[in-house]
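Please keep the sequence and the structure in view while reading.

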Amino acid sequence: MVRSPNWLGDAVMALPAVRNLKDMLDEEPLVVATPDKLAALWQKCPFVDSVISLDKPKNLKACVAQLREGNFGSAVLLPNSLRVATEAWMAGIPQRVGYARSGRSMLLTHSVPVPPRNPTRLHQRYYYLDLISELGGPNDPSLPRLRKEPTTVAGSRGLVLAFCPGAEFGPAKRWPVENFAAVARHFIATRKAKIMLLGAPVDVPVADEFMKHVPEADNRVGKTTLAEFMAALVAARLVICNDSGAMHMASALGVPTMTVFGSTEPALTGPMGARIRVLRHHVPCSPCFLRECPIDFSCMKGISAEQGILAAETMLR
């Protein structure tokens with residue numbers, strides 16, 4: 001059993017590691033236990049044999065009961081938390097593998113030291129890959145293919161663009177919404193583009209602001225399941241977003257993705273797909289990893305709507 005990370009972006013960055021683990025296991029079944037909000041992602045993975053959807057992820061006893069039903073021999077714990085190690089220990093799983101973090105080593109049977117910083121392996125995907133390599137698994141960092149069904153946007157013809165202007169971590173990760181709107185208006189005016197607005201319920205205030213500028217957009221923010229969100233992304237010719245779970249999901253699905261980075265670092269958490277474009281205006285205080293900018297937000301304000309339009313036009317050629 002592999003315990004999934006709890007956030008969409010982290011789960012996507014863990015895909016290469018879980019694929020590598022399955023390659024090592026060969027015919028042995030691999031099960032992913034995940035918060036139910038992420039189950040649709042793991043169900044799209046051809047290298048995952050089955051998925052346990054933790055329907056009450058905040059309820060320790062409920063999670064333990066679900067894991068105990070699996071009668072697992074081993075658990076690989078990708079999250080660093082003490083809570084996740086406690087789940088596996090209380091479920092009676094004989095072998096429990098994870099990084100020696102958060103004071104949980106005594107709950108693990110295989111406590112793996114955190115790997116030293118390696119300038120060639122800074123991206124978060126390598127953190128998960130190194131754990132599997134420690135078990136004897138391969139070290140393939142490539143992004144695995146996911147199952148995806150061809151889809152269309154109901155009633156749409158021509159160019160479909162998906163905009164994801166939210167970012168749950170905080171406003172320091174969000175390009176100004178008026179810039180997103182300016183890019184959308186450009187493509188409506190020049191190419192009669194259909195604009196889909198996508199995101200999680202937490203992104204509703206940002207979406208409401210976007211809709212003031214682009215009232216004709218198809219606003220699905222907070223209205224889709226993860227499976228529906230993935231289907232909408234696949235229907236787009238280009239996804240325009242911030243550093244967010246949406247960025248990682250679009251990239252993993254092979255959809256061309258243009259993303260804007262400000263307070264965070266692309267070398268650490270950038271998209272992993274082949275058809276990507278990262279816009280960044282580097283300033284001395286970047287990356288700060290803060291939720292809110294305490295000064296002038298120059299890292300994001302330094303990227304103009306015109307730069308976004310030019311980059312998007314280039315990707316659509």
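Predicted model: local features only at pLDDT ≥ 70, side-chain atom pairs only at ≥ 80, totals over all residues.

Residues are numbered from 1 along each chain as its sequence is written, and side-chain values use heavy atoms, with hydrogens and water left out. Helices (H or I, at least four residues) and strands (E, at least two) are DSSP runs, numbered from the N terminus.

**Parallel strands and their crossovers**

- Strands β7 and β8 run parallel and are joined by four bridges; two strands are said to pair if DSSP finds at least two bridges between them.
- Within this pairing, Ala-162 has Met-196 of β8 as its bridge partner.
- Together, β7, α7 and β8 form a right-handed β-α-β unit; right-handed means that, with the strands pointing away from the viewer, the path from the first strand over the helix to the second runs clockwise.
- Strands β8 and β9 also run parallel, and two bridges join them.
- Opposite Met-196 stands Asp-218, a residue of β9.
- From β8 the chain passes through α8 to β9, and this β-α-β crossover is right-handed.

- Helix α8 spans residues 204–213, and its residues Val-206, Ala-207, Phe-210 and Met-211 are buried (buried means under 20% relative accessible area, exposed over 50%, and partly exposed in between, with a 1.4 Å probe and protein chains only).
- The buried residues of α8 pack against β7 (160–164), α7, β8 (194–197) and β9 (218–219).

**Helix α13 and what covers it**

- In α13, the buried residues are Ala-305, Gly-308, Ile-309, Ala-311, Ala-312 and Glu-313.
- The elements covering these residues include α7, β10 (238–242), β11 (257–261) and β12 (276–280).

**Salt bridges**

- Side chains of opposite charge can pair when their charged atoms come close.
- A salt bridge is counted when a side-chain nitrogen of Lys or Arg is within 4 Å of a carboxyl oxygen of Asp or Glu, and by this rule the count comes to eleven.
- Arg-191 and Glu-313 form one of these salt bridges, with their closest N and O atoms 2.5 Å apart.
- This pair links distant parts of the chain, since Arg-191 belongs to helix α7 (residues 177–191) and Glu-313 to helix α13 (residues 305–315), 122 residues apart.
- Arg-191 is partly exposed at 35% relative accessibility, whereas Glu-313 is buried at 18%.
- Arg-83 and Glu-87 meet through their side chains in a salt bridge of 2.9 Å, N to O.
- Arg-83 and Glu-87 are four residues apart in helix α5 (residues 82–90), so about one helical turn separates them.
- An α-helix has 3.6 residues a turn, so residues three or four places apart point the same way.
- Arg-83 is partly exposed at 28% relative accessibility, while Glu-87 is buried at 1%.
- A network of salt bridges links Arg-3, Arg-83 and Glu-87.
- Another salt bridge joins Arg-121 to Asp-130, with the closest N and O atoms 2.6 Å apart.
- Arg-121 is partly exposed, with a relative accessible area of 22%, and Asp-130 is partly exposed with a value of 22%.

- Thr-34 belongs to strand β2 (residues 31–35) and is buried, with a relative accessible area of 0%.
- Beyond its neighbours within four places in sequence, Thr-34 is in contact (heavy atoms within 4.5 Å) with Ser-4, Ala-39, Trp-42, Val-51, Ile-52, Ser-53 and Leu-54.
- Leu-108 lies in the loop between β5 (95–99) and β6 (110–112), where Leu-108 is buried with a relative accessible area of 9%.
- Not counting residues up to four places away in sequence, Leu-108 touches Leu-77, Ala-85, Arg-96, Val-97, Gly-98 and Tyr-99.
- Leu-108 and Asn-139 are 31 residues apart along the chain, and their C-alpha atoms are separated by 23 Å.
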